[in-house]
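Please open the model in your viewer and keep the sequence panel beside it.

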Amino acid sequence: MKALTKSLLALSMTMTTLAGAQAYAADTSKCTTHGVISVVGQGEVKVNPDRAQLNYRVSAIKDTPEEARVEVEKTITAFSDEVATLKLGDNAFVADNLSIMPRYEYNSDAKKQELRGYEASRNVTINISDFALIGQLNDMAIKSGINEIAGFQYSVHDRRQHEMEAAKKAIEDAKMRAQLLADGFEVTLGQPCSLSFQGNGIAVYRNAVAPRAMLIGAAMDSAGNSVESTYSVEPMVISSSVSATFSIEPQKDKKD
């Protein structure tokens, strides 16, 4: 008796599953029977960045690896001491690992590469929320011996909130476009057939990276004095795109 009950239960579950699958197939068949409407929705929000990542690089070429290392470390220490006076907080000043490699140049007379020396280099990243400090930090970099400003990157604290806002606008735009097409061609918009965000994520950022800055020499006037720089930060544009395909409902027969 128990075996019979289990068999009936298994059969019931199988029939339910098949019925569900057939119902789903019947629904999705509408996406091919009467045609579809496909649209791309766009949405964007503009946000003033509230964080900046400043990137610097120091390098030195010397006769020996040790001499090159000492020169770079001396510059990094001097820069770190200068930045510490601003009391930016923990993890605001980040120096990458030291890199040392031989440098060669071609001797046209000997027709071969010859060792020129050893180059040591190190990258420094400074994270700030007060953009008024950018000019002061650049002056500190120059004073300390940093020889390249490698560019700035801007960001916002609550990225997820703005990404979701842009995504919602893109979805509403897609729905509006689909309905506009349906109304224009006098058809009835049906159920969604496929919905997806375009690209690798929900949102794309623009104006988040400032143009690569200059070698330090470009920040000096003809007399060798540092030139005060001003920086205007443009709003970041966070955009989102969605692809949506809707079925077209069959036209109802008009009664005479």
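**From a disulfide to a helix**

The structure holds one disulfide, a term that here denotes a pair of cysteine sulfur atoms within 2.5 Å. This is a predicted model, in which local features need pLDDT of at least 70 and side-chain atom pairs count only at pLDDT 80 or more, while totals for chains, interfaces and linings use all residues. Residues are numbered from 1 along each chain as its sequence is written, and side-chain values use heavy atoms, with hydrogens and water left out.

Select C31 and C193 to display the link, where the two sulfur atoms lie 1.9 Å apart. Looking along the S-S bond, you will find an angle of -100 degrees, which makes the link left-handed. Because C31 belongs to helix α2 (residues 30–33) and C193 to strand β7 (residues 188–197), the pair ties together parts that are 162 residues apart in sequence; helices (H or I, at least four residues) and strands (E, at least two) are DSSP runs, numbered from the N terminus. C31 is buried at 15% relative accessible area, whereas C193, at 29%, is partly exposed (buried is under 20%, exposed over 50%, partly exposed in between, with a 1.4 Å probe and protein chains only).

Next, select helix α4, residues 134–144, which is largely enclosed by the rest of the structure because eight of its eleven residues are buried. Among those buried residues are I134, L137, M140 and I142. Finally, step to G145, which follows α4 and has a positive phi, near 105 degrees.
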